[in-house]
Structures are given as C-alpha cells and as structure tokens.
Amino acid sequence: MEIRHNWTAQEVQALFDKPFIDLLFEAQQVHREYHPANQVQVSTLLSIKTGACPEDCKYCPQSARYRTDVEKERLMEVERVLEAAEKAKASGATRFCMGAAWKNPKQRDMPYLLDMIQGVKGLGLETCMTLGMLDAEQAKTLSEAGLDYYNHNLDTSPEFYGNIITTRTYQERLDTLSNVRDAGMKVCSGGIIGLGESARDRAGLLVELANMPAHPESVPINMLVKVKGTPLEDVDDVDPFDFVRIIAVARIMMPKSAVRLSAGREDMNEQMQTLCFMAGANSIFYGCKLLTTPNPDEDADMQLFKKLGINREAVSQKPDQVTEHDLLEQVAERVASRPQEGDLFYDASV
C-alpha cells in the first residue's frame with residue numbers, strides 16, 4: 001500500500017462505512033505489511049508538573065478553571081524523575097514520556113527539562129515530552145539535548161475544536177508540530193474520541209494527521225476519561241465498535257505510524273483491547289496512571305499479552321557508557337553547581 005498525504009473526507013468516510021470485519025481485515029493486512037506481527041511498543045508516562053494549567057481544555061482535570069480532585073504540584077525534582085524512569089525500564093518500558101501541565105514552558109524551566117532528557121536517555125530509554133506549545137528555539141534546544149519524541153495532540157477536527165478549547169488555536173497546535181519536525185524530533189500527535197464530536201469530526205481529525213507532509217511517528221488515540229468537575233463529565237460514552245473503527249482507519253491511513261492505545265484503557269475490557277490490536281494498534285501506555293487518570297496495571301497488561309501471544313518491543317536505544325548510579329551522581333553534581341537555592345523544586349504553575 002502506498003503512503004498517502006492527500007486523503008479526502010469522502011474517502012475516509014468510505015472506510016468508516018465498511019463492514020466491521022472487512023475493515024479490521026484490511027487494517028491488519030496493512031499493519032503486517034509495515035510492522036512486525038504480535039509486537040507492541042510499551043511506553044510509560046509521568047506527570048512531572050501537575051495541575052494549575054491556564055488552558056481551558058474541557059476534558060482536562062488539570063485546568064485551573066475547573067474544580068476537580070487534582071491537586072496542584074510543582075515541577076518534580078530531576079532525581080525523582082530519573083528514579084521513576086528506572087522503575088519504568090525495569091517494568092519493561094522502552095520509552096519514557098514526561099508531561100507538564102503548561103500552556104508552554106518558560107525559559108526558567110529549560111535547564112531542568114534538559115537534565116531530565118539527558119538523564120533518561122542515559123538509562124537507555126527513548127525520551128518523549130509534552131509541555132504545551134513550543135517556539136522554534138525551544139524545539140531546537142530540546143532536540144539538541146536528545147529528546148526523541150514530542151507529543152502535541154490535535155485533539156479533534158478543526159471544525160469542532162473551538163467547542164473544546166479557546167485558549168489556543170488549532171493553527172498554534174500545527175505550528176508547534178512544525179517546529180518539532182523542523183528541529184529534527186519525531187512527532188507524537190493524535191486525538192481524543194468521546195468529546196461529543198460527530199463521525200465527520202472523527203474523520204476530519206484523521207485527515208489532518210494523515211495529510212501532514214510527514215505522518216506522525218506515533219499517533220495516540222485516546223478515549224475520553226470523564227472526570228467530575230470538568231465540562232465533559234456527563235458526555236455520552238463512546239461505542240466500543242466505533243472506537244475500534246477509529247484505530248483501524250488510522251492504521252490504514254498512516255501505515256508506518258505507531259498507533260497507540262492511550263487514555264481510556266481502564267474502561268476497555270480484554271476483548272475490546274484485543275480488537276484494537278487486531279485493528280492495528282501496536283503501542284500502549286504502561287503503568288497504573290496516565291498523568292492524572294487511571295490506567296490498567298502492568299500485571300493486567302502482561303497477562304493479556306500472554307493470552308494473545310503478544311511480545312513487547314525490545315529497547316532499541318543503547319545506554320550511554322555510564323552506570324545508572326554514575327548517571328544519578330552526574331545529575332546531582334550539575335544541580336549542586338547551580339547558585340539558586342532550592343532550584344530543583346519550585347512553583348512552576350504559571
């Protein structure tokens with residue numbers, strides 16, 4: 001199958017309209033043409049700065065505009081982040097993703113972020129961050145530090161976007177992704193299903209992603225986790241078959257991309273997740289928590305993988321020629337050399 005960047009809404013709707021079994025069969029054929037069968041890449045996601053976000057994303061419990069159970073936390077200490085990365089690696093993760101509830105990182109944050117990137121890479125893990133919008137210079141700095149992936153989701157179609165977010169534009173999201181790509185990092189971008197969007201909006205999201213000059217290397221597909229206190233706490237549930245269709249169509253449209261089952265897996269039974277893997281999903285977030293929302297624990301995932309004969313993708317990045325102990329000491333020395341008192345743990349809520 002050719003790699004395309006000129007999908008039309010009509011073509012995508014035709015895929016959605018296919019009989020369910022036929023769609024899954026086509027998606028699995030495409031998947032096996034471009035990816036190893038029965039292999040799933042495993043990532044772990046850590047919230048390195050939680051809550052008090054100035055954005056108004058209606059789905060997000062971390063927005064300062066909504067009253068939820070999420071407590072405001074300051075930027076994590078570098079050592080704590082590396083300890084979490086070590087645990088993730090020991091549990092089988094090959095990529096460590098770090099998320100901060102910001103509209104965009106400030107200059108004062110950058111030294112700590114760079115230490116986190118270099119430290120996690122030194123453990124032999126791939127690195128990913130999601131920090132909000134980036135300008136060209138910030139993207140270049142993160143790339144030079146060794147950041148492998150940057151996550152910045154489009155969330156939904158351009159037409160529906162204004163119903164969910166007003167504090168940044170769709171074009172600003174596209175600009176951030178362009179800055180990431182131009183800086184040489186890999187792009188992680190997908191969306192959320194279950195925001196109250198129409199079938200046309202779901203197709204529109206996939207058209208935006210698939211018609212980029214280069215497809216995102218990673219496409220996370222999230223199913224909304226409804227959180228009390230957010231404007232979307234009472235929105236209708238997503239039909240499981242509709243969600244599986246999204247996975248299948250994404251696989252067909254972006255054959256080389258990793259299609260990731262992200263938020264919402266806690267509400268998916270084993271059968272639904274299995275259909276998603278059949279439809280071409282080949283990446284998951286692994287661990288009991290995704291930022292602030294629940295996720296299946298590692299044992300449950302491993303049990304399902306065993307039932308299905310799925311193997312985790314082996315780590316592809318070679319560790320630096322230092323031991324983990326030496327790496328932690330190096331980071332501690334860099335931090336100690338800074339003149340500011342308490343510079344590892346400060347209020348980064350704005």
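What follows is a short chat about a predicted model of one protein chain.

Q: Before we dig in, what kind of model is this, and how are residues numbered?
A: This is a predicted model, where local features need pLDDT of at least 70, side-chain atom pairs count only at pLDDT 80 or more, and totals for chains, interfaces and linings use all residues. Residues are numbered from 1 along each chain as its sequence is written, and side-chain values use heavy atoms, with hydrogens and water left out.

Q: Thanks! How many helices and strands does the chain have?
A: There are 12 helices and 12 strands in the chain. Helices (H or I, at least four residues) and strands (E, at least two) are DSSP runs, numbered from the N terminus.

Q: And what share of the residues count as buried?
A: Of the chain's 350 residues, 56% count as buried. Buried is under 20% relative accessible area, exposed is over 50%, and partly exposed is in between, using a 1.4 Å probe and protein chains only.

Q: What about contacts between residues 24 or more positions apart?
A: They account for 77% of the chain's contacts with a separation of 6 or more. A contact means heavy atoms within 4.5 Å.

Q: Let's go to helices. At what angle do H8 and H9 pack?
A: H8 (residues 199-210) and H9 (residues 240-253) pack at about 25 degrees, with their axes 10 Å apart. The axes are lines fitted to C-alpha atoms, for helices over the stretch in contact, and angles run from 0 to 180 degrees between N-to-C directions. H8 and H9 are therefore roughly parallel to each other. For the cut-offs, under 35 degrees is roughly parallel, over 145 roughly antiparallel, 65 to 115 roughly perpendicular, and the rest oblique.

Q: Which residues make that contact?
A: From H8 they are Arg202, Leu206, Val207 and Ala210, and from H9 they are Asp242, Ile246, Val249, Ala250 and Met253. By class, the contact of H8 with H9 has seven nonpolar, no polar and two charged residues. Here Ala, Val, Leu, Ile, Met, Phe, Trp, Tyr, Cys and Pro count as nonpolar, Asp, Glu, Lys and Arg as charged, and the others, Gly among them, as polar.

Q: Does H9 meet H10 in a left-handed or a right-handed crossing?
A: The crossing of H9 and H10 is right-handed. That label applies if the near helix is turned clockwise from the far one by less than a right angle, while anticlockwise makes a crossing left-handed. The axes of H9 and H10 come within 8 Å and cross at roughly 25 degrees, and that makes H9 roughly parallel to H10.

Q: What does the H9 and H10 contact consist of, by class?
A: The contact of H9 with H10 has eight nonpolar, no polar and no charged residues. H9 brings Pro240, Phe241, Phe243, Val244 and Ile247, and H10 brings Met272, Leu275 and Cys276.

Q: Switching topic: how many aromatic pairs are there?
A: The count comes to three aromatic pairs. Rings of Phe, Tyr and Trp (its six-membered ring) pair if their centres lie within 6.5 Å, and planes under 30 degrees apart count as stacked, over 60 as edge-to-face and the rest as tilted. In one of them, Tyr161 and Tyr170 have ring centres 5.1 Å apart and planes at 85 degrees, so the pair is edge-to-face. Both of these tyrosines are buried.

Q: What about Phe277 and Phe305?
A: Phe277 and Phe305 also form an edge-to-face pair, at 6.0 Å centre to centre and 70 degrees between the planes. Phe277 lies in H10 (residues 270-278) and Phe305 in H11 (residues 298-308), so the pair ties together parts that are 28 residues apart in sequence. Phe277 counts as buried at 9% relative accessibility, and Phe305 does at 4%.
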